[in-house]
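Good morning, and thank you for coming. Please turn to the structure on the screen, which I shall take in parts.

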Amino acid sequence: MAADAGGLTTAPAVRVRGLHRSFNKDGGVLNGLDLDIAPGEFVALIGRSGTGKSTLLRALAGLDRDVSGHGRISVPEQVSVVFQDSRLLPWKRILDNVTFGLRGPDAGDRGRQALAEVGLAGRERAWPYELSGGEQQRAALARSLVREPQLLLADEPFGALDALTRIRMHALLRKLCEAHRPAVLLVTHDVDEAIVLADRVILLDAGVVDTDVRVELANRSRSDAGFAALRSLLLDRLGVAADA
Ligand SMILES: Nc1ncnc2c1ncn2[C@@H]1O[C@H](COP(=O)(O)OP(=O)(O)OP(=O)(O)O)[C@@H](O)[C@H]1O
């Protein structure tokens, strides 16, 4: 149980205990991993290539059936996932992609509202191929958030975008998360992206949590001294020289 500022306790949105996962007999990818994420908390997950970030995310998303029985996982009922590619259905218009599988007479209105929130008002009838990469990721975010998830899992969602679009998407994701308050687990290779966006940064190494730091910066500007200090700490843990 996590204590909140008022001393009350709230159940975590995500609880992982002793999670193990291996794909062959040579050794584990996840090696007894423990992790809690509080409701509404934004956690960025970083780590060297191959340390099990996507494996963890897939386990939380319920996309890895074979992981069951190798630890305990508890996640909320409503979970949405965003990947590096938008995974929009090419044969459906944008609004139909966003509302796909939604029930109820207000599904169309909710879809339009979600598209407006991500800056795609007026593009409801466009086909996915008519949107830029950044716009497709906006549509993917709308499709996730229209379901009002209690947990949003994002695996390198901005990895394929150019630097400027990425910065715009950071501002958008922060705005959306402040409005909808899902718990978030964002896998990223970009340490700056982790610090800009997250309440907490977790670094995985060899399938367990190596570092778990709270981002308590009044100023999230990359030129801020606190930002630079946290960046060097994380780069150091990753085994990368900060000035490399
Ligand atoms: N379905 C699978 N079958 C076999 N091996 C797998 C499978 N999924 C992942 N692995 C292996 O598990 C290890 C961890 O993979 P994972 O994708 O979780 O790493 P990652 O930390 O997300 O890496 P990256 O940062 O490069 O995306 C890798 O060695 C990978 O080859």
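Predicted model: local features only at pLDDT ≥ 70, side-chain atom pairs only at ≥ 80, totals over all residues.

What should the 13 residues of helix 7 span at 1.5 Å a residue, and how far apart are its end C-alpha atoms? Helix 7 covers residues 225-237, and at 1.5 Å a residue it should span 18 Å. The expected span counts one less than the number of residues. In the model, the end C-alpha atoms of helix 7 are 19 Å apart, which agrees with that expectation. Just after helix 7 comes Gly239, with a positive phi of about 80°.

Let me now step back to the whole protein. Its secondary structure comes to 7 helices and 11 strands. The radius of gyration of the protein is 18 Å, close to the 18 Å that the globule rule gives for 244 residues, so the protein is as compact as a globular protein of that length. The C-alpha trace spans about 45 × 45 × 45 Å along the principal axes.

Which order do its strands take? This open sheet has 3 strands in the order 4-3-6, and the pairing is antiparallel. At its edges lie strand 4, residues 30-37, and strand 6, residues 72-74, each of which pairs on one side only. On average, neighbouring strands of this sheet are turned by 20° against each other, direction ignored. Strand 3, residues 14-21, runs antiparallel to strand 6, and 3 bridges join the two. Within strand 6, Ser74 stands opposite Arg15. Helix 1, residues 53-60, packs on this sheet and touches strand 3, strand 4 and strand 6. The direction of helix 1 makes about 120° with that of strand 3.

The ligand deserves a separate word. Which residues are around the ligand? They are Phe23, Val29, Gly47, Ser49, Gly50, Thr51, Gly52, Lys53, Ser54 and Thr55.

Strand 10, residues 200-205, and strand 11, residues 208-214, run antiparallel and are joined by 6 bridges. The bridge partner of Leu204 is Val209, in strand 11. This hairpin has 2 residues between the strands, and Ala206 takes a positive phi near 50° there.

That concludes my presentation, and I thank you for your attention.

Terms used
Residues numbered from 1 in each chain as written. Pairing = 2+ DSSP bridges. Helix = DSSP H or I, 4+ residues; strand = E, 2+ residues; numbered from the N terminus. Axes fitted to C-alpha atoms, helices over the stretch in contact; angles between N-to-C directions. Contact = placed C-beta atoms within 7 Å. Near = placed C-beta within 6 Å. Rg over C-alpha atoms; globule rule 2.2 N^0.38 Å.
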